[in-house]
Amino acid sequence: MNPDLLRYSCQMALPGFAERGQQRLQDAKVLVIGAGGLGCPAAQYLAAAGVGTLGIADFDTVSISNLHRQVLYTPADAGRKKTVVACERLQQQNPGIKLISHDLFVTSENVMELIRPYHIVVDGTDNFDTRYLINDACVLSGKPIVYGAIYQFEGQVAVWNVKNENGTRSPNYRDLFANVDASQVPNCTEGGVIPTLAGIIGCMQANEVIKYITQTGELLAGKVLIFDAQTMQSRVIKIGELTHTPISRLVETAAIATISAEELKAALSKGEVELVDVRTFAEREEFNIGGKHIPLDELENHLGELNFETKTVFYCATGKRSGEAVKMIKLKYPEANVFSLAGDLKSY
């Protein structure tokens, strides 16, 4: 056997796979958006399986509080860019593939160009705005998306926007969730997640990608698999064979201006910034870094108390709610000098 194919001999021995299936993997270009709890295991197994070109897109840095589920990283990587570390590790794991780092915040301005070179997209993100954006961009460009989501002990997997034999498309994310109020849904840091669930769902996403590329098995197209890590039970909910949600354009989004902990400390020491805590009263009492306290769900009624000509930084536990605060204000006051504290508050 060709030495280059020796590492893939076990998967090539599968019925219907053979060297032809491996060649399809080698020719494939896969983009993983989100190098976190889902993106890490998905990317690891796609790299190991021999996907020829693997893109990793993320804008965040490695945080200690994420290490329990983001298994590509180590404590020594804290503060480094996730895409850079992920590509380094994956290249070491499989020197025979091409890794591409996309260190960026995905917005309506860059998403179409980002996904353009790839055949299939893995959605490993953890916020609804980006999920909708990825979904809409892939629908408009005719690319399938492998979706995954985790929260506490439950995970979901689906494959959206697959082309049917008659040329129609399978359901997309908006067929399942027409609209979600992102600010009301906690993420893993706020609500918790068992780390093994990220590995299970991420591996399922990689599995769907491999099935799609090699044209083996039955895809989770028009279906959603729901997995419960406490009971180890799963069920598949059928949505239908066709999408009923036409998408004609992208919803406009923009990158949220952020400030690092180090930059914030320097600005505070010079008295150059106003700080606003948008967490709940209970969170505020447990731990805070000062500043005004206006919970996110009350912020809209208190905007008159803030001076947006002054540099204003909002903070929460993870950057999710503070990011929502910045978006809210920018919609009303486009010139406002507002920022969200990046990263994990506990590491401040």
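Strands are DSSP runs of E with at least two residues, numbered from the N terminus, and two strands pair if DSSP finds at least two bridges between them. The model is predicted: local features need pLDDT of at least 70, side-chain atom pairs count only at pLDDT 80 or more, and totals for chains, interfaces and linings use all residues. Residues are numbered from 1 along each chain as its sequence is written, and side-chain values use heavy atoms, with hydrogens and water left out.

**View A. Strand β7 and its two partners.** β7 and β8 form a hairpin with 4 residues between them. In the turn, methionine 232 has a positive phi of about 60 degrees. The antiparallel pair of β7 and β8 (residues 233-238) is joined by 6 bridges. Leucine 225 has valine 236 in β8 as its bridge partner. Strand β6 (residues 154-160) also runs antiparallel to β7, joined by 4 bridges. Here glutamine 156 stands opposite isoleucine 226 of β7. Of the 6 residues of β7 (residues 223-228), 5 are buried, so the strand is largely enclosed by the rest of the structure. Buried means under 20% relative accessible area, with a 1.4 Å probe and protein chains only.

**View B. The second largest pocket.** A pocket is an open set of points on a 1 Å grid over the protein atoms alone, with protein on both sides within 12 Å along at least five of seven lines; its lining residues have an atom within 4 Å of a point. The volume here is about 360 Å³, taken as the space filled by probe spheres set on the points, which are joined across faces, edges and corners. There are 18 lining residues, and Val162, Asn164, Glu218, Leu219 and Ala221 are the closest to the centre of the pocket. The lining divides into 5 nonpolar, 8 polar and 5 charged residues. Ala, Val, Leu, Ile, Met, Phe, Trp, Tyr, Cys and Pro count as nonpolar, Asp, Glu, Lys and Arg as charged, and the others, Gly among them, as polar.

**View C. The largest cavity.** A cavity is a set of grid points where a 1.4 Å probe fits but cannot get out. The whole structure has 1 cavity of 30 Å³ or more. Its lining includes Asp123, Trp160 and Tyr173. α7 (128-141) gives the most to this lining, with 3 residues.

View D. The structure holds 0 disulfides, a disulfide being a pair of cysteine sulfur atoms within 2.5 Å. The sulfur of cysteine 40 lies 11 Å from that of cysteine 87, the closest cysteine sulfur, too far for a bond. Cysteine 40 is buried at 0% relative accessible area. Cysteine 87 also counts as buried, at 10%.

Terms used:
Buried means under 20% relative accessible area, exposed over 50%, partly exposed in between (1.4 Å probe, protein chains only).
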